[in-house]
Amino acid sequence: MPTPLDEAAIRRAPKVLLHDHLDGGVNPATIVELAAEVGYTGLPADNAPELARWFRDAADSGSLERYLETFSHTVAVMQTAPAITRIAREAAEELAADGVVYAEIRWAPELHVEEGLSLTEVVDAVLAGFRAGEAAAAAKGQTIRVGAIVTAMRHAARSREIAELAVAYRDSGVVGFDIAGAEAGYPPTRHLDAFEYLRRENFHFTIHAGEAFGLPSIWEAIQWCGTDRLGHGVRIIDDIHPESGDLGRLAQYVRDKRIPLEMCPSSNVQTGAASSIATHPIGELRRRHFRVTVNTDNRLMSATSMTREMSLLVEAFGYDWSDLQWFTLNAMKSAFIPFDDRLDIINNVIKPRYAELMA
């Protein structure tokens, strides 16, 4: 008989995470401790439980202003190398404890230089934390590999510089590049120089598109910028005719080309990109066999984990172990590490462990 599909069993299942923000996944207790160390007095609460509740309430408020304010507090305590390394280490350990065997975690180095760190010092600090977290997890019998995605802010003008930084660290743990931030008014084509450089360097990149803005953002990210993956991409559902069910030209292209969609159900509901988990486009897109992946986005703001996201989908759509394996394989196939490495994790970790769960 298959293992009962409950939260504890889902936690044991191997999971792959492609879309997770470092500054959106900080432990509340760590924020309180680091704020005291650096003298940051702007926190809305001075203890971990109340602070965690504030982050969740602010993210759930429906106010973009309050949602963005949450990041001002996490970034404020991430301005020294030791603090950044600690947060990166804890992220790797927490994901490993949640059954994540491969993760790509992204962050914007340009946001962490307010106290004098250079961009390279920021990257070094993050990578040191990931390696320490991997080692700490291994000591507990948990295996995780973490790749870094270096992000540029789409409202700023440093994307080419940040792209060059990412490529410079391609053999040291940085696996990709991303642009993030408000979509409306800041189309990805503003950063064509960065994307053209990355393509010349044969480097992987993803673009936040199709979350707060619609199909034009997705079209530009793919056809002008040449993105490998779509960060969120929820609004591709707008190109599926609600009555006939026919795919529009863009949706057909995304499905035919197997362009991965980095979907983050809980976060998408918080930002208004989906009205609820039960009505999230992931259900329809999975049914139509788009290359859908499940992700956390901001674990702190959504009070979530990969286990929780998958549990919510099981509850909403009646998914079984084969569905969860399908999402996981989609993600591993879409990772920014070499093909042989992806295949090794698929054949030696994911498939054997799911076979045990489904036996």
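**A parallel sheet and its packing**

In strand β5, I207 is the bridge partner of I179. This is a predicted model, where local features need pLDDT of at least 70, side-chain atom pairs count only at pLDDT 80 or more, and totals for chains, interfaces and linings use all residues. Residues are numbered from 1 along each chain as its sequence is written, and side-chain values use heavy atoms, without hydrogens and water.

Strands β4 (residues 174–180) and β5 (residues 205–209) run parallel, joined by three bridges. Strands here are DSSP E runs of at least two residues; helices are H or I runs of at least four; both are numbered from the N terminus. Two strands pair if DSSP finds at least two bridges between them.

Now the whole sheet. Eight strands form an open sheet, in the order β1-β2-β3-β4-β5-β6-β7-β8, with parallel pairing. At the edges lie β1 (15–21) and β8 (292–294), each pairing on one side only. From one strand to the next, the twist averages 25°. Angles run from 0 to 180 degrees between N-to-C directions, and axes are lines fitted to C-alpha atoms, for helices over the stretch in contact.

Helix α5 (residues 81–97) packs on this sheet. Helix α5 touches β1, β2 (100–107) and β3 (145–153), and its direction makes about 145° with that of β2. Contact means heavy atoms within 4.5 Å. Helix α14 (residues 321–333) lies across β1, β2 and β8, at about 100° to β8.

T70 sits in helix α4 (residues 64–76). T70 is buried, with a relative accessible area of 0%. Buried means under 20% relative accessible area (1.4 Å probe, protein chains only). Not counting residues up to four places away in sequence, T70 touches W54, F55, A58 and M301.

Conventions. Buried < 20%, exposed > 50% of the residue type's maximum accessible area, 1.4 Å probe, protein only.
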